[in-house]
Amino acid sequence: MAQQEKEFTVAVYCSASEGLPEQWMAAAREIGLWIGRSGSTLVYGGVDAGLMRVVAEAVKSCGAGRITGVVPELRSNMASPLNDVSIAVSGLSERKSAMCGMSDVFVVLPGGYGTLDEFFTTLACLRFNGVDSKTIVLYNPDGLYDSLLNQFDTLMRSGLMNSHSLDYVKVVNDTHGLIGCLDNLKTNRHDKK
């Protein structure tokens with residue numbers, strides 16, 4: 001009897017802002033299409049806004065992927081109708097914990113302080129708990145996160161952070177690199193089964 005392939009779950013952290021550059025929306029679409037075509041599951045903030053909407057619409061357009069929205073009670077009126085499953089949580093801390101626990105890989109698209117908070121919380125959680133089976137993919141279009149990466153270098157040079165902390169992070173600068181990284185992570189994960 002053939003072994004059933006375990007579901008691959010991709011958390012996407014991204015902006016809920018509208019009117020962002022088209023190339024950022026195109027990247028969000030590509031991620032959603034990849035999730036849908038590969039039959040994977042999107043886990044995201046679950047609201048119908050900004051890049052979150054773009055990713056969810058792309059997943060749904062493929063007909064094969066699943067969408068799990070993790071929605072804080074204060075934003076329940078903004079929950080996306082595209083969610084196959086909506087998980088209500090009391091607030092942001094519970095949302096981050098749920099998303100971190102249920103996801104195999106984390107993709108950080110352009111976003112503001114909320115997206116950065118999700119990135120840092122996930123990095124700290126994986127590092128603190130010694131979870132080496134999960135990866136954070138930081139999408140850095142147009143050098144958006146260059147200052148953040150430079151800050152990491154400063155922290156490492158100052159002895160406040162060791163280089164192994166970034167073993168969990170893969171930085172990609174374009175959608176081709178982003179999709180290639182996801183292909184590799186999914187393939188490698190299933191090869192280990």
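## Thr122 in helix 4

Thr122 touches Tyr13, Cys100, Phe106 and Ile136, leaving out residues up to four places away in sequence; contact means heavy atoms within 4.5 Å. Thr122 lies in helix 4 and is buried, with a relative accessible area of 1%. Buried means under 20% relative accessible area, exposed over 50%, and partly exposed in between (1.4 Å probe, protein chains only). Helices (H or I, at least four residues) and strands (E, at least two) are DSSP runs, numbered from the N terminus.

## Basis of the model

This is a predicted model, in which local features need pLDDT of at least 70 and side-chain atom pairs count only at pLDDT 80 or more, while totals for chains, interfaces and linings use all residues. Residues are numbered from 1 along each chain as its sequence is written, and side-chain values use heavy atoms, with hydrogens and water left out.

## Helix 3

Helix 3 covers residues 92–102, and its buried residues are Arg95, Lys96, Met99 and Cys100. They cover an arc of only 125° around the axis, which puts them on the same side of helix 3; the arc is that of the directions from the helix axis to the C-beta atoms. An α-helix has 3.6 residues a turn, so residues three or four places apart point the same way. Ser93, Ser97 and Gly101 are exposed on the other side of helix 3.

The partners of the buried residues of helix 3 include strand 1 (9–13), strand 3 (66–72), strand 5 (105–108) and helix 4 (113–129). Strand 2 (41–44) and strand 4 (85–89) also pack against these buried residues.

## Gly65 in a loop

Gly65 sits in the loop between helix 2 (50–62) and strand 3. Gly65 is buried, with a relative accessible area of 12%. Its C-alpha atom is separated by 6.8 Å from that of Arg37, 28 residues apart along the chain. Neighbours within four places in sequence aside, Gly65 is in contact with Ile35, Gly36, Gly39, Ser40, Val59 and Asp84.

## The whole chain

The protein chain has six helices and seven strands, in the order β-α-β-α-β-β-α-β-α-β-α-β-α along the sequence. The radius of gyration of the protein chain is 16 Å, close to the 16 Å that the globule rule gives for 193 residues, so the chain is as compact as a globular protein of that length. This radius is taken over C-alpha atoms, and the globule rule is 2.2 Å times the number of residues to the power 0.38.

Of the 193 residues, 46% count as buried. Among contacts between residues at least 6 apart in sequence, 74% join residues at least 24 apart.
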